[in-house]
Amino acid sequence: MAMSGAPRLACADACWSDHPQDAMTNNIAISLPEQRPRQTARRLLRAAADALAPSQAPRSLYIHIPFCAHKCHYCDFYSIVDRQDRQRAFADRLIRELDALAPIAGRLETIFIGGGTPTLLAPPLWRDLLTALGRAYDLSEIRAGRGEFSVECNPETASPELFDILVNGGVNRISIGAQSFNQAHLQTLERRHNPDNVARALELARASGIERQSVDLIFAVPGQELEDWQADLERALAIDTEHLSCYALTYEPNTAMTARLERYEFTRADEDLEADMYELTLERLRRAGLERYEVSNYARPGRECAHNMAYWRQQDWLAAGPSASGHVGGHRWKNTPRLDDYLSLDDGGFAPIIEHEPPDARRAMREQIMTGIRLREGLEIERVCAAAERVAPGARRRLEASAAWHVQVGLLSVSGGRWVLTDGGFLMGDRVASDLMDALA
Ligand code: SF4
C-alpha cells in the first residue's frame with residue numbers, strides 16, 4: 001500500500017517525457033510568457049565558451065520543434081497548431097541557429113529532438129535539417145554507435161519514408177508518445193492517435209534500422225483504475241519496449257485539463273491509487289527486466305537515455321529552437337518561445353532569448369541534489385558534501401544530519417558511498433530532495 005502520492009514530473013508526453021528539459025532545463029524558472037526578448041544568446045554563449053577548455057565543449061544538443069497537430073488538454077509545453085505554412089521558414093531559421101552554435105559544440109555524444117511533435121515536420125525538411133547537422137557538427141561518436149540520437153515520434157506520423165531519412169541522418173533512437181493504450185483514457189487526455197499505431201510505429205522503426213525505442217505512458221488519468229494501468233503496462237511490454245517513461249498526470253496551470261478539473265467535470269485520481277500505480281509500475285517492469293534508473297524512467301540495462309542522463313548529471317548542453325533551454329559553463333538560457341520572434345530576430349543565427357541566468361554555485365548545487373537524488377545511482381556523499389561546504393559553510397554538517405534522518409526513517413540508504421533513495425523514498429523523492437537542499441540555506 002502506498003505511503004504517499006506517486007512522484008510527479010512536469011509533463012508526460014511524447015513531447016517531453018524523454019527529454020526532461022522541464023525538470024532540468026526548459027521549465028527552470030520559466031514563468032515569463034509575456035516577456036519579450038531583449039538580447040540574443042550570442043554574447044553569453046561566446047563568454048561561456050571562452051571560459052571552457054576545448055575538451056569541455058558541450059557534447060549534448062537539444063532541438064525543439066514546436067509544431068503539433070492540435071493542443072492536448074493537459075499540455076503546457078510550447079507548441080503551436082501546425083498549419084504547415086511556416087515549416088519551411090522554421091527549418092531554415094533552425095539551420096541558421098544550428099550553424100551559429102556549432103563552433104561552440106564538441107564532438108556530440110547525444111542529440112535529442114523534441115517538441116511539439118517533431119515528426120510533423122515534412123520529410124524533405126527533415127532531410128535538410130539532418131544534412132545541416134551532419135555538415136556543421138561532429139557526429140562521429142553517434143555514427144559509430146557510441147552516441148545517442150533520439151527523436152520524439154507521434155505514432156500517427158511514423159512512415160518508412162521518414163524513418164529512412166532519420167536513419168540516414170544518424171538517428172538511432174525514437175521516443176514514441178503512446179500515453180495510453182486505452183481509447184477512453186486517450187480521449188480524456190485529448191490525444192487523438194489510434195493506440196494500435198504505437199506497435200506499428202515501433203515495427204517501422206525497427207525495420208528501418210532504428211535500434212533503440214522508448215515509449216511514454218501516463219498514469220493517474222481521471223477514471224483510470226489500477227487494472228487499466230496494468231493493461232497499459234502489459235501492452236507496452238508486449239511490443240518489446242526496452243525503455244519506458246511513466247509519468248503521473250499533472251495539472252499544470254492554464255491548461256484545458258486544469259480548467260475542466262476546476263469546473264468539476266471530473267475528479268482527479270485518488271492519491272493512494274496513484275501511488276499504487278507507481279508501485280505496480282516498479283514491480284511489473286522490474287519483473288520484465290526494466291529497472292528504474294530515474295524516478296519515472298525504466299530501461300533494460302544499457303538502454304537508459306544517455307541524453308537525459310547528461311541533464312541529470314549536470315553536464316553541459318546546447319539548445320536550439322523556440323523555447324529551448326541550454327546550459328553551458330554554468331550559464332543557463334532560454335530561447336524565446338514565440339515563433340514569430342524566433343523567426344524574425346536573428347543575430348548572426350543566434351536566437352533571441354528571454355532568460356539568462358549567470359553561473360551561480362548555490363543554484364548549481366541545489367540542482368545537483370535535486371536531479372541526482374532522483375537517479376538510481378543517487379548522490380556521491382563525499383563529493384556532494386565537499387561541494388556543499390564550499391558553497392555554504394556548515395552545509396556539510398547539515399546535509400549529513402538531514403541524510404541521517406532520512407536513512408533512519410527508511411527513505412534513504414547508504415550504498416557504495418552514495419545516498420540512494422529506497423523504494424519508499426522514491427515515492428517521496430521531491431520531499432527528500434527539498435529537505436537535502438535546505439541544508440544549503
Ligand atoms: S500538444 Fe500534445 S503532442 Fe503537442 S507538445 Fe503538447 S502534449 Fe505533446
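**Exercise 1.** How many residues of domain 1 are in contact with how many residues of domain 2?

*Solution.* The model is predicted: local features need pLDDT of at least 70, side-chain atom pairs count only at pLDDT 80 or more, and totals for chains, interfaces and linings use all residues. Residues are numbered from 1 along each chain as its sequence is written. Start with the bounds, which come from an automatic or database domain assignment: domain 1 is 21–320 and domain 2 is 377–441. Contact requires C-beta atoms, placed from the backbone, within 7 Å. By this criterion, four residues of domain 1 are in contact with four of domain 2. On the domain 1 side, the touching residues are four nonpolar, no polar and no charged. The C-alpha centres of the two domains lie 29 Å apart.

**Exercise 2.** Check the span of helix α8 (residues 196–208) and find what its buried residues pack against.

*Solution.* The expected span is 1.5 Å times one less than the number of residues. Next, apply the burial criterion (20 or more other C-beta atoms within 10 Å of a residue's own, C-beta atoms being placed from the backbone). V198, A199, A201, L202, L204, A205 and S208 are buried in α8. Their packing partners are β6 (148–153), α6 (160–168), β7 (173–179) and β8 (212–219). Just after the helix, G209 has a positive phi of about 100 degrees.

Key. Helices (H or I, at least four residues) and strands (E, at least two) are DSSP runs, numbered from the N terminus. A residue is buried if 20 or more other C-beta atoms lie within 10 Å of its own, exposed if 12 or fewer, and partly exposed in between; C-beta atoms are placed from the backbone. Two residues are in contact if their C-beta atoms, placed from the backbone, lie within 7 Å. Ala, Val, Leu, Ile, Met, Phe, Trp, Tyr, Cys and Pro count as nonpolar, Asp, Glu, Lys and Arg as charged, and the others, Gly among them, as polar.
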